[in-house]
Amino acid sequence: MRRERTTAVLALAALVVACGSSPPVRFFKLDAVEPAASQPATQALVKVVAVHIPRLLDRREVVQQSEANRVTLSGQERWAAPLADMIRTVLTQDLVTRLGAEHVILPDAPAPPGTIAVVVDILRFETEPSGAVVFTGSYSFFDSGRDEPRARHEVELAEPARSGDAADQARAMSVVLGRVADRIAADLS
C-alpha cells in the first residue's frame, strides 16, 4: 500500500512539473489597416451583416497549411476571439476608415431602411507552406428586405507573411482584410 501511494505521489509530481514547463499560450487578433488609396465618396449606408468561414478555420487554434492535404493546429497559438467575429469587426473598422463613420453601421447596431447589407463568404484564409496568407472567397451586396444579392464579387488575394509565425500571419491577414475593404468601398462608390 505504501509503495502504491509513493508511486501515485511521484506520478502526480511528474505531472505537475510537466505542466509547469509547457510554453505559455499566446493569443492573436486581427487589426484594421489604413486604406491603400483614397476612396471615392458614397452616399450609401452599409453594414457587414455576416462573415462565413470554413469549419476548418472556425476554431480557437491558429491554422496553417503545412503541406498539400495537411494542416497544423497550434496548441500554444490561439485567436483571442472567434475568427469570423474578428473578421466582421475588422472589416467594419476598415470600411469606417474608407467610407466614413456616417456611412457604416456597426455590427450590433440596428440598420435603418435602405442600408446595403454586405455578406462575406470565405473559402480559404490561411497560410500556405510558401508563407503567403491566401484569401479566396466573395462578398455580396443585398438591398434591405431582399434575398437575392444585387451584386456578388469574387476575391482572391495573397499577402506574404515574412516569418511564418502566428504574429506575422495575423498581420498578413489584417492586410488582406484591408484590401478586401478597399474593394468593397470601391464597388459601393
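Setting aside neighbours within four places in sequence, Phe 125 is in contact (heavy atoms within 4.5 Å) with Leu 57, Ile 87, Val 133, Val 134, Phe 135, Met 173, Val 176 and Leu 177. The model is a predicted one, in which local features need pLDDT of at least 70 and side-chain atom pairs count only at pLDDT 80 or more, while totals for chains, interfaces and linings use all residues. Residues are numbered from 1 along each chain as its sequence is written, and side-chain values use heavy atoms, with hydrogens and water left out.

A step back shows the whole fold. The protein has three helices and seven strands, taken as DSSP runs numbered from the N terminus (helices are H or I, at least four residues; strands are E, at least two). Read from the N terminus, the order of these elements is α-β-β-β-β-α-β-β-β-α. Of the 189 residues, 41% are buried, where buried means under 20% relative accessible area, exposed means over 50%, and partly exposed lies in between (1.4 Å probe, protein chains only). Contacts also reach along the chain: among those between residues at least 6 apart in sequence, 65% join residues at least 24 apart.

Phe 125 also belongs to the largest nonpolar core, a set of 43 residues. Such a core is made of buried Ala, Val, Leu, Ile, Met, Phe, Trp, Tyr and Cys residues joined through side-chain atoms within 4.5 Å. The members that touch the most others are Leu 30, Trp 79, Leu 83, Ile 87, Phe 125 and Phe 135. Two or more residues each come from strands E2 (46-52), E3 (61-67), E5 (116-127), E6 (132-142) and E7 (151-160), and from helices H2 (83-99) and H3 (166-188). H3 gives the largest share, eleven residues.

Phe 135 sits in strand E6 and counts as buried because its relative accessibility is 1%. Beyond four places in sequence, Phe 135 touches Val 120, Ile 122, Arg 124, Phe 125, Val 155, Glu 156, Leu 157, Val 176, Leu 177 and Val 180.

What lines the largest cavity? Its lining consists of Leu 57, Val 63, Trp 79, Leu 83, Phe 125, Glu 126, Gln 169 and Met 173. E5 and H3 are the elements that give two or more residues to this lining. By class, six of the lining residues are nonpolar, one is polar and one is charged. The cavity holds about 30 Å³ of space, and the count comes to one cavity of 30 Å³ or more. A cavity here is a set of points on a 1 Å grid over the protein atoms alone where a 1.4 Å probe fits but cannot get out, and lining residues have an atom within 4 Å of a point.

Side chains of opposite charge can pair when their charged atoms come close. There are eleven salt bridges, each a side-chain nitrogen of Lys or Arg within 4 Å of a carboxyl oxygen of Asp or Glu. Arg 98 takes part in a bridge with Asp 94 (3.7 Å, N to O). Both of these residues lie in helix H2, four residues apart, about one turn of the helix, and both are buried. Arg 98 also meets Asp 182 in a salt bridge (2.5 Å, N to O). That pair links distant parts of the chain, with Arg 98 in helix H2 and Asp 182 in helix H3, 84 residues apart. Asp 182 is buried, like Arg 98. A network of salt bridges links Glu 159, Asp 168, Arg 171 and Arg 179.

Ser 174 is found in helix H3, and it counts as buried because its relative accessible area is 3%.

Arg 146, in the loop between E6 and E7, counts as exposed because its relative accessibility is 53%. Arg 146 and Ala 117 are 29 residues apart in sequence and 9.7 Å apart in space, C-alpha to C-alpha.

Notes: On a 1 Å grid over the protein atoms alone, a cavity is a set of points where a 1.4 Å probe fits but cannot get out, and a pocket is an open set with protein on both sides within 12 Å along at least five of seven lines; lining residues have an atom within 4 Å of a point. Grid points are joined across faces, edges and corners, and a volume is the space filled by probe spheres set on the points. Ala, Val, Leu, Ile, Met, Phe, Trp, Tyr, Cys and Pro count as nonpolar, Asp, Glu, Lys and Arg as charged, and the others, Gly among them, as polar.
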